[in-house]
Every structure is written in structure tokens, then in C-alpha cells.
Amino acid sequence: MVASVNDGNTFTAEVAVVGGGPAGLVSAIALAAAGVKTCLIAPAAVADNRTTMLISSSLIALETLGAWQACLPYAAPLRKMRIIDDTRRLLRAPEVCFAAAEIDLEAFGYNIENRHLIATLEARAGELHLTRIYATALAVLSDQTGVTIKHAGGQARVRLAIGADGRQSPCRAAAGIGMRQRAYPQAALTLNLGHARPHGDISTEFHTETGPFTLVPLPGSRSSLVCVIEPERAAELSIMDDLALAAEIERRAHSLLGKMSVESGRGVFPLAVETADAFARGRIALVGEAAHVVPPIGAQGLNLGLRDGAAIAEIVADALRESLDVGAPDVLARYDAARRADVTSRTIAIDLLNRSLLTDFFPAHGARGLSLYLVDRIGPLRRAVMREGVMPVASQPRLMRGEMV
Ligand SMILES: Cc1cc2nc3c(=O)[nH]c(=O)nc-3n(C[C@H](O)[C@H](O)[C@H](O)COP(=O)(O)OP(=O)(O)OC[C@H]3O[C@@H](n4cnc5c(N)ncnc54)[C@H](O)[C@@H]3O)c2cc1C
């Protein structure tokens, strides 16, 4: 559908989603599926070579939105997760292996290349009553009654703008929301690879002194790699020739998956933790990396982003049922309250785990090892940790429980 250009007073839609990455696409799909008049303002997303491990609750949400079936041929299940302490420190954690079957799940989640996920979400968005404006937002201007979003093709006027516009978020800047940031002395090298031995639907995370080195299954005898190391070393590895890089990765993986061959495309992502001071203000709500950035440890980033999208869609749909202005401060306050605990608790947990690997502080190694030992040995704790990882008890928007918003 083509959007109409208007004079700034006529509402083009109830809500505009700015940004067409996975968090923005899911937010727009959830709103449109709930019958909310929505426009999505974004250039076509450019997918990199990253993959996303979507946890069980995210899969339920995508299935409910009719977007999962088409992803399935491109996704690999994660039936087991193995964590190996590969540090050479005195106090090392025991090797642990969690199985989804222990908590009656077929899989903890599925790993999918972002390019396939985005293409599927784009296709699903195209089936819904959703105004798609293929343009970059040039200005986002919020006032008492609404938000005007100027783009190359004209402008949209809405009651609420959802900033899904990534780490540098122009929407966040327009709302005057600050970001608490901490950069880590680490970067993630990402690539996909083939290997001689089957992965057996098991992901393996080696904990090293520079951060995790994680192999996650892809369909066939392929896996995705997230290798967290010093930024200089990541830069060096990223320009190695294919054969030398494959040999280096095989060495770091202790030949667990046999001989490796790297596929084309490598990414290097500087690591940081960032959290917005507020998740909504002045008729602008933030979702995905516009609101929070976490290091790629434990596959939490986009799963949090999908919960943001599901939560804002639910709150907007409820507000409309109550005949409320969807951009009103109390509606935005509901969103902030709904997301704060989930984002904060996950961010703290990931930050602690990452810093316990980096630090030379002896007791921190002991605490990490002891925590893993206890989780491994105490059945109820073990199952609770597994469940919380893939089906968080709190902060579960309706979509994550299989209900429409
Ligand atoms: C190495 C690595 C591995 C990861 N693995 C996982 C994982 O396994 N599981 C997981 O849950 N998470 C993972 N993550 C996190 C996940 O990749 C991010 O959370 C996710 O990509 C963020 O999506 P997003 O839609 O919020 O932002 P983005 O993907 O950055 O999308 C933002 C979009 O906004 C658009 N945009 C920007 N400015 C404007 C504008 N002015 N107007 C319109 N559009 C605009 C951009 O073009 C872009 O398409 C990983 C991250 C890294 C770095």
C-alpha cells in the first residue's frame, strides 16, 4: 500500500514503526495483525552474515504471527547446549551440557541466518494491511498531539512513533533519551562454516580468557561462529585467507567438529553494553537495539527485541480498546514498566558473565565455576535456569504465550 502525504495535521496512521530490522518488522507485523493502522518507514534492511538463535518463546510469537513456518527450512534446532571452560586458570568451571528434553521441549530454540529471517518477515509484512514506506526517516518531530516523520517521499503523521532504528537511533535522539554505555575490550568475529563431523543439534560455547567462542548449529553440517576476542585479533583474523582461518578456528574448537571450511562473509562487531535511560518518552517508544545493546553471549539481544515489539503492540492494542491516545504519557509509562525488569536483569546477567571471564580477579573465577557446578548438579535449579533462559516467566507478552495481541 502506498502512503498518502499530508499536511501534518491529518493522521496517516495510528503508529509509525521507524526501522525495518528484525525488531521493527516484528513490531509492525504484530501491530498490523492486531488491526492497528500502522506504517513502516524504513529502507529495505541489509542483512549481514549473522545468525540469530531464537529461543522457544520467540518462536511461539513468530508462529502466532504466521511468520515461523516459512523460516523453518532455513533454521536448525538446538537440542543441547554445552559449555566448556577453556580458560587456563586455576579455578575452572566443570563442563556442563543442558538438554531441552529435560524441560520437555523438543529444542531450546532454532538458529537461523538473519538474511532468511528478515526476508521471511518482509514477506509476512507484505501480506498484511500495513503501509510500507521504503525510505529513511530524515526528521522525527514530536508535539502535544502527535509525531511527524519526514522522509524523502513526504511525511507521515501518527500518534505514536516506534523507534526500531538500531544502535544509533535517530528516534531516541529525537525523544531526548540518553544511553548508558560501557564498551568492552572485545569484538565479535562472526562467520558461517561447514564441518566434517555433524553438530548433532548441539551448540558449544567455549569460555576463554577473552570471551566466549560459540558454535551454533545451522541446517546440514554447518554452524555459525561467534568468536569474542581482542579487537586487534578479530581484525587480524577477519582478513586471513580462508584456509588459514579455517585451520585457526578448528584449532580453537579443539577439532570438535572435524575439518572446517569457512563460507564467504565475515563480520566484526565491537562489544558494548548499552541501555536507554527510558524506553519511551514524548510519543516515541524504543524497541530492539535502539533501546538496549547486549554482547552476543547467551543469544539474548534480538530475543529481548522481539519481546519489546510484542509488548508495545499489546499495549497499543489494549489502549485502543480503552479508547486511549496511544502516544499518551501513561500508555508509554506502561511500556517502560513492562520492559524495564526484563532488559535490566538480562543485561546484568550477561555483563557479569562476560566480566567474570575477562577479569584476573581470582574469586570471580571461583564464583563462576561454583555457579555452573551448582546449576549442573541441582536438578530443580538446573531446570529452572533452563526454563528461564528460553521461556522467561516474567515479562511474557501475550504473543510469547501463543495469544494474539
Ligand atoms: C555477533 C552477534 C551475534 C548475535 N546473535 C544473536 C542471537 O543469536 N540471538 C539474539 O537474540 N540476538 C543476537 N544478536 C543481537 C541481534 O543481532 C540484535 O539484537 C538485532 O540485530 C537488533 O535488531 P534491530 O532490529 O533492533 O536493529 P537493526 O538490525 O540494527 O535494525 C535497525 C534498522 O533501522 C534502520 N534505520 C536506521 N536509521 C533509520 C532511519 N533514520 N529511518 C529508517 N530506518 C532506519 C536500519 O536501516 C536498520 O535496518 C547478536 C548480535 C551480534 C553482534
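Q: Why is I162 called buried?
A: A residue counts as buried if 20 or more other C-beta atoms lie within 10 Å of its own, as exposed if 12 or fewer do, and as partly exposed in between, with C-beta atoms placed from the backbone. I162 has 33 other C-beta atoms within 10 Å, so it is buried.

Q: What kind of model do these values come from, and how are residues numbered?
A: The model is predicted; local features need pLDDT of at least 70 and side-chain atom pairs count only at pLDDT 80 or more, while totals for chains, interfaces and linings use all residues. Numbering starts from 1 along each chain as its sequence is written.

Q: Which element holds I162, and what does I162 touch?
A: I162 sits in strand β12 (residues 160–163); helices (H or I, at least four residues) and strands (E, at least two) are DSSP runs numbered from the N terminus. Beyond its neighbours within four places in sequence, I162 is in contact with V15, V17, V18, S27, A285, V287 and I312. Contact requires C-beta atoms, placed from the backbone, within 7 Å. A290, 128 residues from I162 in sequence, is 9.8 Å away, C-alpha to C-alpha.

Q: How do you know that V15 belongs to a nonpolar core?
A: Such a core is a set of buried Ala, Val, Leu, Ile, Met, Phe, Trp, Tyr and Cys residues joined through C-beta atoms within 7 Å. The largest one has 117 residues, and V15 is among those with the most contacts inside it, along with V18, A161 and others. Among the residues touched by V15 are L31, V36, L160, I162 and V316, leaving out those up to four places away in sequence.

Q: What makes helix α2 mostly covered?
A: Eight of the nine residues of α2 (residues 56–64) are buried. They are S56, S57, S58, L59, I60, A61, L62 and T64. G66 follows the helix, with a positive phi near 75°.

Q: Why are β9 and β11 called edge strands?
A: The open sheet has three strands in the order β9-β10-β11, paired antiparallel. β9 (137–142) and β11 (154–158) each have a single partner, so one side of each lacks a neighbour in the sheet. Neighbouring strands are turned by 15° against each other on average, direction ignored.

Q: How do you know that β9 and β10 pair?
A: Pairing needs at least two bridges found by DSSP. β9 and β10 (residues 147–151) have five bridges in the antiparallel sense, so they pair.

Q: What makes a residue part of the shell around the ligand, and which are closest?
A: Its C-beta atom, placed from the backbone, must lie within 6 Å of the molecule. The shell has 33 residues, with G19, G21, G166, G288 and G301 the closest. Elements giving two or more residues are α1 (22–33), β3 (51–55), β13 (179–195) and α7 (301–321). The largest share, four residues, comes from α7.

How values were computed
Two residues are in contact if their C-beta atoms, placed from the backbone, lie within 7 Å. Axes are lines fitted to C-alpha atoms, for helices over the stretch in contact, and angles run from 0 to 180 degrees between N-to-C directions.
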